[in-house]
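Welcome, and please take a moment to look over the sequence and the model below. We will then walk through a few parts together.

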Amino acid sequence: MKKHSEYLIVGSGAGGATLARELSNAGKEVLIVEAGRREERLGTLRDSFGYFDMTAYKTPSTSREGVILWRTIMAGGSTVVSCGNGTRCLQEDFKDLGIDLEIEFREAEEEMGIVPTPREVLSEASLNMLEASADLGYTMEPMPKFVDFSRCIRCGCCVFGCAQGAKWTALEYLNDALSHGTEVIYETTVEEVMIEDGKVAGVRGRGKNGYVEVWADHVILAAGALATPVILQNSGLECAGKGLFIDAFVNVYGRAEGMHQVMEPAMALVDHEFHDDGGFILSPYINASRTVRFMEAGRRGFMMPTDKLVGIMVKTSDDPSGRVYPSGKVSKAITRDDRKRIDDGVAVAKEILEGIGADPSSFVVSKPEGAHVGGTATIGTVVDGYLETRVRNLHVCDASVLPHSPGMPPILTIVALAKWLGKALAH
């Protein structure tokens, strides 16, 4: 298949769908190439096996060092399986780089319907965490979310996709782009960028029916921080792929009599007070699925009684010590400093869990995991201040360009950044 477009966007997640919407609304011709499908069934673990990046044994992909890497390949990208957390991050870092996102943050927050999690949707366990944290001198507060709580049924299945449509996803922006003429080629993996005389000419890849070649005047890579650097390296930009971070996290589980966190939105509260100095945040979280708990915490995780399960996620700003190779293989270990941040956060999490009545002898800490991969095509290394590579009209706009690990949910920031770039390209 051969095709041509004015603007070609690789990926339809937070960055790609936002760019498509901005450009198509400005009257530009836009084509998206998406490696995944537009999934119709969401909301269960079984459904998620179709769009999470899994091994042949239906276990999550890992780095060479065994760190779990949660990643989806689907229309809408990770926004579909996110917890719906709408927090600003790295705003001052981007401002220091000459990118002021204040207007774009405000636009996105309004369009995505970001509001603090209301108290009435909290489980008894999380309500107790508010009190216990305050008693211990800590500060838990409602997590801002892009969730329509009037449609939320508190099923706790946010990470499998929202079957009720209560959560904003990039599919909303994608639908708007489609209504303004954007086209999408699904189930097609871009392998490299075509370059002529130092300027982008299009992309090559493979789809359901074989070889695909799409010509374009502008190409924006928004395939995610694991796929984008592979495309760049295969296109001669060897500087890409280094500096991988994952916002490394662990889940701390405990058993508490008479309470659990099954029936509430995931990560309904957050404690940010340790972020700047300690490099971690805390948020109430459990995986209600025994299968997922087995994946991340082995037999002890599997055996935890779900009807007495309480937990806190410790999410960290990890070192950018990983790498993505041209083959797509990933190297990411937990460094000594990463481990210290994790251990410091786990100590506070256990203190809070014990404060709500969890049995200290029951505590289980998961393996290190990562779901916010980024840093593999950073500003100043792979792209310039306009997110353009050394190849003219070849831009990158996904978590690859983030300057360092935010240690916080980055979706809102990526949307704001894509809005900023979309406006710049459209004019």
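Patches are made of residues with over 30% relative accessible area and no salt bridge, joining like charges within 9 Å and nonpolar side chains (Val, Leu, Ile, Met, Phe, Trp, Tyr) within 5 Å. A salt bridge here is a side-chain nitrogen of Lys or Arg within 4 Å of a carboxyl oxygen of Asp or Glu, and accessible areas come from the Shrake-Rupley method with a 1.4 Å probe, where for residues only the protein chains shown count as cover. This is a predicted model, in which local features need pLDDT of at least 70 and side-chain atom pairs count only at pLDDT 80 or more, while totals for chains, interfaces and linings use all residues. Residues are numbered from 1 along each chain as its sequence is written, and side-chain values use heavy atoms, leaving out hydrogens and water.

Let us begin at the surface. Phe-294, Phe-302 and Met-303 make up a nonpolar patch there, with about 300 Å² of accessible area together. Phe-302 sits in helix H9, residues 290–303; helices (H or I, at least four residues) and strands (E, at least two) are DSSP runs numbered from the N terminus. Phe-302 has a relative accessible area of 34%, so it is partly exposed: buried means under 20%, exposed over 50%, and partly exposed in between (1.4 Å probe, protein chains only).

Now find helix H1, residues 14–25. Its 12 residues reach 17 Å from first C-alpha to last, close to the 16 Å expected at 1.5 Å a residue, where the expected span is 1.5 Å times one less than the number of residues. H1 is mostly covered, with 11 of its 12 residues buried; among them are Arg-21 and Glu-22. Just after H1, Gly-27 takes a positive phi of about 90 degrees.

Next comes an open sheet of three strands, in the order E11-E16-E17 with antiparallel pairing. Its edge strands are E11 (242–244) and E17 (330–331), each pairing on one side only. Two strands pair if DSSP finds at least two bridges between them; E11 and E16 (residues 322–324) are joined by two. Leu-244 has Gly-322 as its bridge partner in E16.

Finally, visit two loops. Between strand E3 (68–69) and helix H3 (91–96) lies Ser-82, which counts as buried because its relative accessibility is 12%. Leaving out residues up to four places away in sequence, Ser-82 touches Phe-146, Cys-158, Val-159, Lys-167 and Ile-411, contact meaning heavy atoms within 4.5 Å. Asn-393, in the loop between strand E19 (369–370) and strand E20 (394–396), is buried too, at 16% relative accessibility.
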